[in-house]
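User: Could you walk me through reading a salt bridge and a pocket in a model like this one?

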Amino acid sequence: MNQKKYYPTAVALYITYFILGIAVTIMGQYKQSFAAMWGANQLADGSFDVSKVMAIIAAVGLGRLIAFPFAGPFSDKYGRRLSALVGVVFFAIFFIGITFTHSTVLAYILMICSGMANSFLDTSITPSCMEIFKENGAIANLFTKFAVEVASCNTPPAAK
């Protein structure tokens, strides 16, 4: 079978990891803005206390832990395509919700959704790319991390 016909699919899959990198970078670079939006205390120097934002960012890991026991079996049973679509839906919920929420509780839940999206993408995209690039499976897997890193390096710095 000619694997080259799946290269455009692989590019689309890597783009989802690029989006993951953007999500993580936005949360990290705009901590002050999110802290202000979520009603954090203003400090003496005019900046905002970002401790709640940092706790919310950590919820990504919790979301991953919650979803991993279900994401793998889901991907095995229903296929990688559906698993990837579930991940994309979780990311859409995160991106839309985080833009408009003024609640730290809802922001925390949305970051859990982001972590769950990451789990569903991990269980679908990594194996798919390793199958597309059979001879270079390890490099295909490293490319997922590369896509995240490229996104975080190319995101413009936060406005001061």
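Analyst: Gladly! A salt bridge is a side-chain nitrogen of Lys or Arg within 4 Å of a carboxyl oxygen of Asp or Glu. This is a predicted model, where local features need pLDDT of at least 70, side-chain atom pairs count only at pLDDT 80 or more, and totals for chains, interfaces and linings use all residues. Residues are numbered from 1 along each chain as its sequence is written, and side-chain values use heavy atoms, with hydrogens and water left out.

User: How many salt bridges does the structure hold?

Analyst: Side chains of opposite charge can pair when their charged atoms come close. Here there is 1 salt bridge: Arg64 pairs with Asp122, with 2.9 Å between the closest N and O atoms. Asp122 sits in helix H5 and Arg64 in helix H3 (residues 51–78), 58 residues apart.

User: Is Asp122 buried or exposed?

Analyst: Buried means under 20% relative accessible area, exposed over 50%, and partly exposed in between (1.4 Å probe, protein chains only). Asp122 has 15% relative accessibility, so Asp122 counts as buried. Arg64, at 24%, counts as partly exposed.

User: And which residues of the lining are closest to the centre of the largest pocket?

Analyst: Rolling a probe the size of a water molecule over the atoms shows where empty space is left. A pocket is an open set of points on a 1 Å grid where a 1.4 Å probe fits, with protein on both sides within 12 Å along at least five of seven lines; lining residues have an atom within 4 Å of a point. The largest pocket has a volume of about 330 Å³. Of its 13 lining residues, Thr9, Leu13, Arg80, Ser128 and Ile132 are closest to the centre. H5 gives the largest share of the lining, 5 residues.

Technical notes. Grid points are joined across faces, edges and corners, and a volume is the space filled by probe spheres set on the points. Helices (H or I, at least four residues) and strands (E, at least two) are DSSP runs, numbered from the N terminus.
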